[in-house]
Amino acid sequence: MHVRTLTGHLAVAALLSLPLLSGEAVAADPPPDAADSPAAARVLTYDASGSAEFRSAVDRGAAIWNESVEGAELRRATAGQRANIRVLADDGWPRALTTSLGNGTVWIGRQAVDEGYDTVRISSHELGHILGLPDRKPGPCSSLMSGSSAGTACTNPYPDAAEKAEVEGNFGEAAGSPSELAAPVPVLVED
């Protein structure tokens, strides 16, 4: 019975491939909602267990990116799961070390917080580096990647339209080639 089923499946496959072998083009109908559904987001996990008092700011920064773009989704890593992004708190200035697109370490530095910078903006900004965005200094408060150049009064944690589009482009182009995403290219960005 197993041989008959296998033979039957092979016969069907051979019949379906005949038009291709004869040079005829055969167009398959796309699934009903394929044109309307966006490509799946690349899931990036983050470990904020070392972010101390900034954990809720890190979670909010990740949520802001999830609200803002479709190409990447930031999720908190589960226990024992290796995270793409590690988030730490320290006494220095906020910074990000990107090892490849979507991978790296973020430090939420207390120095900037002590000077009056908003923790959610810092978190969202540093995660922006991991998503492939550079600093854009000097810049207005409306630009998330203007970082500290927007001043301590700026609490805007949202990327602007150009920043969103750049992240979508980064992950839209990279979605089909995971090997390119894994290539280590360390880049330290201090804000």
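Reply: Start with a bridge: T98 has G104 in β5 as its partner. R95 has a partner in β5 too, namely W107. Both belong to the pairing of β4, residues 95–100, with β5. That pairing is antiparallel and runs over 5 bridges. The model is a predicted one.

The two strands form a hairpin with 2 residues between them. G102 takes a positive phi there, near 85°.

Strand β5 also pairs with β3, residues 85–90. This pairing is parallel, over 6 bridges. Here V87 stands opposite V106 of β5.

Now β5 itself. The strand spans residues 103–109 and is mostly covered, with 7 of its 7 residues buried. N103, T105, W107 and G109 point one way. G104, V106 and I108 point the other way. Residues on both sides are buried. Across the whole chain of 191 residues, buried residues make up 38%.

Next comes helix α3, residues 110–114, which contains R110. R110 forms a salt bridge with E53, and the closest N and O atoms are 2.7 Å apart. E53 sits in the loop between β1 and α2, so this pair links distant parts of the chain, 57 residues apart. How covered are the two partners?

D59 lies in helix α2 and R76 in strand β2, so the pair ties together parts 17 residues apart in sequence. D59 is partly exposed at 21% relative accessibility. R76 is partly exposed too, with a relative accessible area of 39%.

E73 and R75 make another salt bridge, at 2.9 Å from N to O. E73 is partly exposed at 27% relative accessibility, and R75 is partly exposed at 41%. Shared partners also join E53, D91 and R110 into one network of salt bridges. The structure holds 7 salt bridges.

Finally, step back to the chain. It has 6 helices and 6 strands. From the N terminus on, the elements run α-β-α-β-β-β-β-α-α-α-α-β. Among contacts between residues at least 6 apart in sequence, 62% join residues at least 24 apart. The accessible surface of the chain comes to about 10,600 Å², and 58% of that belongs to carbon and sulfur atoms.

Note on methods: Residues are numbered from 1 along each chain as its sequence is written. This is a predicted model: local features need pLDDT of at least 70, side-chain atom pairs count only at pLDDT 80 or more; totals for chains, interfaces and linings use all residues. Side-chain values use heavy atoms; hydrogens and water are left out. Buried means under 20% relative accessible area, exposed over 50%, partly exposed in between (1.4 Å probe, protein chains only). Helices (H or I, at least four residues) and strands (E, at least two) are DSSP runs, numbered from the N terminus. Two strands pair if DSSP finds at least two bridges between them. Contact means heavy atoms within 4.5 Å. Accessible areas come from the Shrake-Rupley method with a 1.4 Å probe; for residues, only the protein chains shown count as cover. A salt bridge is a side-chain nitrogen of Lys or Arg within 4 Å of a carboxyl oxygen of Asp or Glu.
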